[in-house]
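Me: I have just opened this one and would like a slow walk through it. Could you take my questions one at a time?

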Amino acid sequence: MAKPEHDDLSTLNAVVNRRDFLRVTGAVGVVAAAGGLEGILAAHRAPAYAQGTKLHMVRWVDFIPEADVELKRQMPEASKALGAEVTLETINANDLQPRITAAIQSGSGADIFMFQYNWAQLYANSVVDVSDVANEIAKAEGGFYDVYTPSAKVGARWLAVPHSIIGNAVAYRRSWLKEVGATEYPKTWDEARKVFSQLKKKGKPYGQTLGHTFGDAPTFAYPVLWNFGGAETDASGKKVVINSKGAVESVKFMQAFWKEACDEGGLAWDDTNNNRAFHAGEISASLNGASIYIVAKRQKDKIKDEKGEPMYQDIDHAGLLPAGPAGQFPLYLNHSHAVMKYSKNQKLAKDFLRWLHKKETFEKWFVVNEGYSVAATTVWEKHSMWDKIDKPLQVFRTAARKTRIFGHAGPSTAKATEAFSKYIIVDMYANAVSGKMSAEAAVKWAEGELKKIYG
Amino acid sequence: MANHVLEDAGSAAQLEVALPHPATSKPARFERFLENERFLAFILLAPAVILLSVFIAYPFVMGVWLSLSSTSVGIPGQFVGIRNFVKAWNDSIFQQTLRNTFVYTFWATLFKLTLGMWLALLLNRHFRGKRIVRASMLLPFIIPTVLSTFAWRWMFDPTFSVLNWVLYRGGFIMTKLPFLSDGAWALWCAIIVNTWRGMPFFAITLLAGLQTINPDLHEAASLDGAGAWHRFWHVTWPLLKPVTIVVVVFSIIQTFSDFQLIYVLTGGGPANSTHLLATYAYQLGVAAGLLGEGAAISLFMFPVLLVVVWIQLRYLRRLEGV
């Protein structure tokens, strides 16, 4: 039997009468209301959740398996701290939305769901206001990255608690770039075109998906559009402005870059193809999270370069895609947690999220990630982990600062999500690079589709 | 009562008196009900009607309502008439999706019928290991679609395709074939995978039909000098036609509403080249949360499938009349 948290044998042995019970639970209730989780912990007693209370959280299967292992390890600790049984279920990322939709429509399901991007806008009517939790975290940790305001805040209310951001950086083979005279990653798209054109001639192209996949395709296509000065809408979010000089230039550039420098099979890739192609030595660079490097390092005996050396030693990262005429603006995958309106354990769910974001809890998960997932707040940029991890991973330390979200330059509303879900920006490039449309026609096609959405 | 029973336990007659006597009137009334044909029919049909109502009628009515409303996830919609249908009709992705669905269904069904018929005719002959061949032919049909489609996706993989590797090593190609990265190729690849998966259903069903044909008819035709083609066209085909019509109709329904295969193989890409109505409806309804618009796209399947079923029923009724 586990040792009780407080060694008060008399409490264990005594028969708890009604008066004692009311006194204890009342005290816990008061401190919980007054001081949240801190109060609960200060009271050294579990809160008065009914016996057998369960809390169910659903998250994706992490690309870093160790991160899931750590999170699952934490669940019994959470159960003990909160006095309720907390369970974590991990499912394929593509299955999150079907599960959320089914849960909302049926009014039953997990109490907490992991949200991606701006899903808080999409499911605003079905989640509870978690401003109290979010504001506590923001206050304690120096504020969230800017991207969370359009992503998880609806009006003045936080509808999901920001959790973490996956920085998508370009993983590249250092020695291969040196072979064509590039001692560092190209800073502009024009430089990138020269470098990767030469590498493609040597059978080492740039690898990029433009397929229907939620991660690497949009996190490439939107930044390319923004870097050339294009945008979906104006700042009001009502006027579609994609048919612009910048957007047409970006598509024209991509047509040439695709043909001269890329693996043209990328039109059919999903989010895992580039990892496999990179590890197999088929491509010289690819926009991806830190998983290419981390997996190569953790499987260094299997993943080797052409000289038989562990490949991770030759991998480096560029934090941002090359700059276009308008600058460098990434789209990173941000994650948050939402408490569902139908949940009967909303208070418990909020207490759990507080617990999850406690420094000593979050830190263990954060460290395991080695930069793959960074925190939602800026204070974690100062964590000592950054000085201990490998240099290629340190690029993710501040990577989340400049990230934008789709819908730019307007607000990231449900309409922006519709455009994102229909892959309109991704397909604008895919239509052009596949030769199906000219650059002008592809932009016009995207304009037509966006106008139908934005009305 | 219990004590009374125990006290009287020595005598069977007494025991009979002690036990509560069943009411004699109830079974008689129930039997009278059962003898009533209308009531009996109601009782016997009730489970089927309940099942059909809950699992078919309710979802269908719900789907129709959703398609006529502005419902999105978590937001009960309002009646919007046919606005969702009009929006879909003017949507270029929908137009492409509709074309893809017709092309996919037509060619996949044609290939399945042709190859299925050919296979059934082969398997109807006597040869050693016939049973093993017949059983193994069912494999594509037995393996879960998601698993087999994953295997095909690997075979068509843009980087690691075993097909490209074999063709390259064999000296047949100099550059990789764009199985899934070119829109037209990707749709044909999906048709091939669908044919591979669905052909056994055709073959087994047609084989069952072939085995009901009396061999004497073929013998008689042979004696009259009919060759293989004439025997097939004038004897086998007319007798096999009813079964073929049923199989084709089922196949059209399944192929037209296919989802799993495309979802796993291409996700509708590249650039919507392989989207079918079901995958596009899913994308809109689930990923974008627009349940009303997603339902409207799904319902575009309904008139097409209704016509197909109507033709089938009409044909079968005519056969019954003959």
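**A buried helix and its surroundings**

Reply: Let me begin inside chain A, where the cover over the buried residues of α13(A) includes β7 (169-173), α12 (273-279), β9 (285-288) and β10 (315-318) of chain A. Contact here is counted when the C-beta atoms of two residues, placed from the backbone, lie within 7 Å, and the helices (H or I, at least four residues) and strands (E, at least two) are DSSP runs numbered from the N terminus.

Me: Before we go on, what kind of model is this, and how is it numbered?

Reply: This is a predicted model, in which local features need pLDDT of at least 70 and side-chain atom pairs count only at pLDDT 80 or more, while totals for chains, interfaces and linings use all residues. Residues are numbered from 1 along each chain as its sequence is written, and chains are lettered from A and ligands numbered from 1 in the order in which they are written.

Me: OK, back to α13 of chain A: why is it largely enclosed by the rest of the structure?

Reply: Six of the eight residues of α13(A), which runs over residues 291-298, are buried, so this helix is largely enclosed by the rest of the structure. A residue is called buried if 20 or more other C-beta atoms lie within 10 Å of its own, exposed if 12 or fewer, and partly exposed in between, with C-beta atoms placed from the backbone.

Me: Which residues of α13(A) are the buried ones?

Reply: They are A:Ser291, A:Ile292, A:Tyr293, A:Ile294, A:Val295 and A:Ala296.

Me: Switching to chain B, how many helices and strands does it have?

Reply: Chain B has 17 helices and zero strands, and its C-alpha trace spans about 100 × 70 × 45 Å along the principal axes. Of its 322 residues, 32% count as buried.

Me: And where does chain B meet chain A?

Reply: In chain B, 29 residues are in contact with 35 residues of chain A. On the side of chain B that touches chain A, α6 (92-123), α11 (183-211) and α15 (277-287) of chain B each supply at least two residues, and α15(B) gives the most, with three residues.

Me: What about the classes of residue on that side of chain B?

Reply: The residues there divide into 13 nonpolar, twelve polar and four charged, where Ala, Val, Leu, Ile, Met, Phe, Trp, Tyr, Cys and Pro count as nonpolar, Asp, Glu, Lys and Arg as charged, and the others, Gly among them, as polar.
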